[in-house]
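Open the model and keep the sequence alongside. The walk below starts at a loop, then moves to backbone geometry, helix packing and a pocket.

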Amino acid sequence: MIKITMKHLMLITCLLALLGPVQAQTTYTKGLSVWFDEPNDLSGKAIWYSGDESRYKGEDKPISAGNSARNADQDWESKSLPLGNGSLGANVMGSVATERITLNEKTLWRGGPNTAKGAAYYWNANKQSAHLLDDIRQAFVDGDQAKAARLTRENFNGLVPYASDAEKPFRFGNFTTMGELYIETGIDETAISDYQRILSVDSALAVVQFQADQIHYQRRTFISYPDQAMVIRFSATEKGKQNLNLSYAPNPVSEGTMQADGQNGLVYTGRLDNNNMQFVIRIQATAKGGTFSNADGKLKVTGADEVVFLLTADTDYQMNFDPDFSDPKTYVGVDPLATTQNRMKQAMSKGYDQLFSNHYQDYSTLFNRVRLNLNPTTESPMLPTNKRLERYRAGEKDFHLEELYYQFGRYLLISSSRPGNLPANLQGLWHNNVDGPWRVDYHNNINVQMNYWPACATSLDECMLPMIDFIRTLTKPGAETARSYFGARGWTASISGNIFGFTAPLTSQDMSWNFNPMAGPWLATHVWEYYDYTRDKQFLKETGYELIKSSAQFAVDYLWHKPDGSYTAAPSTSPEHGPVDQGTTFVHAVVREILLNAMEASEILGVDKQERKQWAEVLEKLAPYQIGRYGQLMEWSEDIDDPKDKHRHVNHLFGLHPGHTISPIATPELAEASRVVLEHRGDFATGWSMGWKLNQWARLHDGDHAYKLYGNLLKNGTLDNLWDTHPPFQIDGNFGGVAGVTEMLLQSHMGFIHLLPALPAAWGSGSISGLSARGNFQVSLEWKDNQLLQATIISNAGETCTVRYLDQELTFKTKKGKSYSIRQRDGALKLEN
């Protein structure tokens with residue numbers, strides 16, 4: 001036995017003190033991490049105005065998105081690390097000499113009723129066109145398709161342009177940057193080694209680390225939801241090496257002032273140019289050792305051992321479910337000077353360790369609910385993510401990359417959608433310019449809906465709440481749109497929404513994309529989905545049912561009740577594809593979905609029995625699905641589908657996914673016709689389109705084809721930092737990918753829990769834990785040799801449970817809070833509890 005004396009202990013302690021900072025470094029590249037081994041080039045800093053500043057300046061030269069297919073800052077789009085807490089967003093670039101961090105606050109929008117022409121001008125968005133519906137429908141009766149299309153084109157657009165250079169002031173508006181943060185380090189980036197830029201997905205932490213002059217430098221950045229602050233720590237293995245200069249570059253279409261906020265702080269107060277929206281950014285620094293200076297709007301730290309920067313930000317925007325159409329400030333109600341000061345005071349009182357502990361506990365509670373393991377005995381290559389993607393695109397298997405992509409999508413949803421703020425937009429909450437593709441808006445014809453497909457299924461119910469609040473902001477303005485265009489009760493929305501209750505169609509007469517009255521009911525199906533997963537009857541009674549019911553009322557009033565007693569959608573379109581029609585399959589599928597939701601909700605609450613009867617009658621007489629001459633599910637009322645058409649939208653398969661009125665089990669002929677459509681459309685498209693097709697193949701129980709779409713999404717629709725690309729970057733494909741993998745492993749939309757309905761041969765063994773099924777069940781699965789080993793089901797509502805695996809079914813009663821184990825034995829499902 002070796003005797004360890006006090007002297008030995010003192011020597012060991014000294015060695016650990018010397019070597020500890022290096023030896024104790026966490027290997028952040030292991031596990032669930034997105035990382036790079038080369039620094040980003042700082043050459044551009046901010047690339048405002050899509051790289052062409054001469055074209056734009058304030059209202060005289062309005063901001064435009066430029067080339068929507070390519071972001072002018074490619075390093076930001078494909079190599080930055082995104083962080084967020086649902087309100088505040090940032091992208092860490094990880095340059096050595098100067099750290100560059102782009103900043104966002106999700107409510108920082110141009111446009112709205114507080115633009116120069118006031119509230120009346122903003123809300124004058126709808127045409128009064130309902131009286132023309134009879135003429136359009138008569139034109140269909142007369143076989144005059146051209147007249148029906150012309151009347152729709154000329155009268156069912158709106159009064160607000162989508163392009164910012166089409167009117168002054170620009171009232172639809174756009175999501176815009178909150179500026180950029182620069183932290184100069186004085187380190188020569190040509191003389192570094194061992195560089196790594198890492199996003200630790202399971203801790204929501206960005207790490208930049210490297211060696212310079214035998215010193216290990218590290219930066220750790222996170223954005224806390226409980227403390228509503230961004231935290232950046234600069235440290236090194238040698239004392240006195242932190243020589244930092246912090247500066248801020250404001251949004252260039254704003255005016256503001258930077259002032260000292262105490263000895264070690266800055267506060268920037270700004271206002272956007274076209275709507276006077278106020279925003280505030282507050283920065284404070286603390287240091288171990290060294291000296292501070294605060295002059296000319298910059299913080300300078302010299303000779304410090306460690307520096308921590310804290311940042312809080314807010315706008316004066318206030319969400320409003322009952323906007324006053326005469327009040328230009330109906331969405332103004334927050335004092336960002338006060339909120340940022342309060343948040344900063346609280347953050348400063350806690351210190352770095354406590355802030356990180358609060359952040360990690362909050363985030364990990366959500367993130368760790370679901371764990372996925374695919375072929376766990378295979379090795380994961382220790383390569384940067386971009387190089388792993390290169391290998392994957394070349395055909396190399398990488399099941400751990402597939403796991404990472406899945407969990408990265410859940411990370412993005414947690415980071416961009418938290419209770420108390422707006423939902424994730426077209427880019428989540430990350431944006432690097434004054435304007436962006438499609439205004440970086442809320443696109444209601446699949447994009448914002450796709451953002452929320454994985455929320456409840458992957459046990460992130462809380463993340464769905466911003467979506468429901470957003471829907472609530474649309475109901476009062478949407479009632480005006482419903483009346484103006486269709487003389488209908490209830491409410492609806494159109495293709496594009498903003499944070500100011502915008503529900504009208506835009507000015508374009510291209511009805512293939514600008515006529516989508518079913519956007520509102522589609523949104524409302526998410527309200528039912530939240531209830532269906534949570535079984536929160538209080539929510540349904542107090543909030544959910546009215547949103548669903550009013551959408552069902554709109555759908556009924558919108559339909560054409562023909563003389564023969566049938567109902568059809570006239571006029572209607574298949575979003576972004578094809579002609580004006582007297583009954584597109586997509587619209588009928590959404591109507592089916594919202595009416596079924598409303599009927600079930602009213603029955604659960606024991607209300608509106610007579611209206612429920614009317615909904616049932618409309619459903620019975622609604623134009624049915626049709627199968628065309630190629631064996632395909634028809635997209636329009638006439639059989640005009642082209643088998644060579646590779647269009648990215650597959651709207652007519654809504655009933656297959658995300659709806660539930662087409663299924664291989666309940667409607668096998670319609671499911672087969674849906675398969676024909678997917679075969680015709682092909683396996684390649686934009687990122688989000690491949691994400692949708694992935695879900696649809698999973699709903700067809702074709703695991704191998706679904707897996708092919710998942711592979712195509714990673715190979716052809718994914719940037720080096722794992723962001724989805726349309727192109728350009730568009731976050732919905734990330735969320736569609738997560739939802740699709742979940743559908744491959746678990747489905748619950750047909751009234752039972754379907755275990756491994758689309759398991760691909762490639763995933764021979766694996767497990768997933770913590771998924772949610774409708775009925776408020778929590779499900780964990782384990783499989784081997786492509787066969788179910790065990791399923792564990794926790795009943796959180798105490799409802800009867802029906803489980804299906806292959807062609808076997810098992811039904812059993814449950815008790816709230818109890819766990820049930822199911823195995824396959826002797827060719828049958830067995831309950832082992």
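Start at Pro 571, which sits in the loop between strand 21 (567-568) and strand 22 (572-574). This is a predicted model. The peptide bond running from Ala 570 into Pro 571 is cis, and its omega is near 0°.

Another cis bond joins His 657 to Pro 658, with omega near 10°. Look for Pro 658 in the loop between helix 17 (609-621) and helix 18 (668-681).

Most peptide bonds are trans, and most residues other than glycine have a negative phi. Asp 785 belongs to the loop between strand 27 (777-784) and strand 28 (787-795).

Now turn to helix packing. The angle between the axes and the distance between them describe two packed helices. Take helix 12 (residues 461-486) and helix 15 (residues 537-558): their axes come within 11 Å and cross at roughly 25°. Angles under 35 degrees count as roughly parallel, so helix 12 is roughly parallel to helix 15. The crossing of helix 12 past helix 15 is left-handed. Helix 12 brings Ile 468, Ile 471, Arg 472, Thr 475, Ala 482 and Phe 486 to the contact. Helix 15 answers with Phe 539, Thr 543, Leu 547, Phe 554 and Tyr 558. By class, this contact between helix 12 and helix 15 has eight nonpolar, two polar and one charged residues.

Next, compare another pair. The axes of helix 9 (residues 399-416) and helix 20 (residues 703-716) come within 11 Å and cross at roughly 80°. The range 65 to 115 counts as roughly perpendicular, so helix 9 is roughly perpendicular to helix 20. From helix 9, Phe 399, Leu 401, Glu 402, Tyr 405 and Tyr 406 meet Tyr 707, Tyr 710, Leu 713 and Leu 714 of helix 20. The contact of helix 9 with helix 20 holds eight nonpolar residues, no polar ones and one charged.

Finish at the largest pocket, with a volume of about 620 Å³. How many residues line the largest pocket? The count is 31, and Trp 528, Asp 532, Ser 748, His 749 and Arg 774 lie nearest the centre. Helix 14 (519-534), helix 16 (585-605) and strand 29 (801-805) are the elements that each give two or more residues to this lining. The lining of the largest pocket divides into twelve nonpolar, eleven polar and eight charged residues.

Notes: Residues are numbered from 1 along each chain as its sequence is written. This is a predicted model: local features need pLDDT of at least 70, side-chain atom pairs count only at pLDDT 80 or more; totals for chains, interfaces and linings use all residues. Side-chain values use heavy atoms; hydrogens and water are left out. On a 1 Å grid over the protein atoms alone, a cavity is a set of points where a 1.4 Å probe fits but cannot get out, and a pocket is an open set with protein on both sides within 12 Å along at least five of seven lines; lining residues have an atom within 4 Å of a point. Grid points are joined across faces, edges and corners, and a volume is the space filled by probe spheres set on the points. Helices (H or I, at least four residues) and strands (E, at least two) are DSSP runs, numbered from the N terminus. Ala, Val, Leu, Ile, Met, Phe, Trp, Tyr, Cys and Pro count as nonpolar, Asp, Glu, Lys and Arg as charged, and the others, Gly among them, as polar. Axes are lines fitted to C-alpha atoms, for helices over the stretch in contact, and angles run from 0 to 180 degrees between N-to-C directions. Angles under 35 degrees count as roughly parallel, over 145 as roughly antiparallel, 65 to 115 as roughly perpendicular and the rest as oblique. A crossing is left-handed if the near helix is turned anticlockwise from the far one by less than a right angle, and right-handed if clockwise. Contact means heavy atoms within 4.5 Å.
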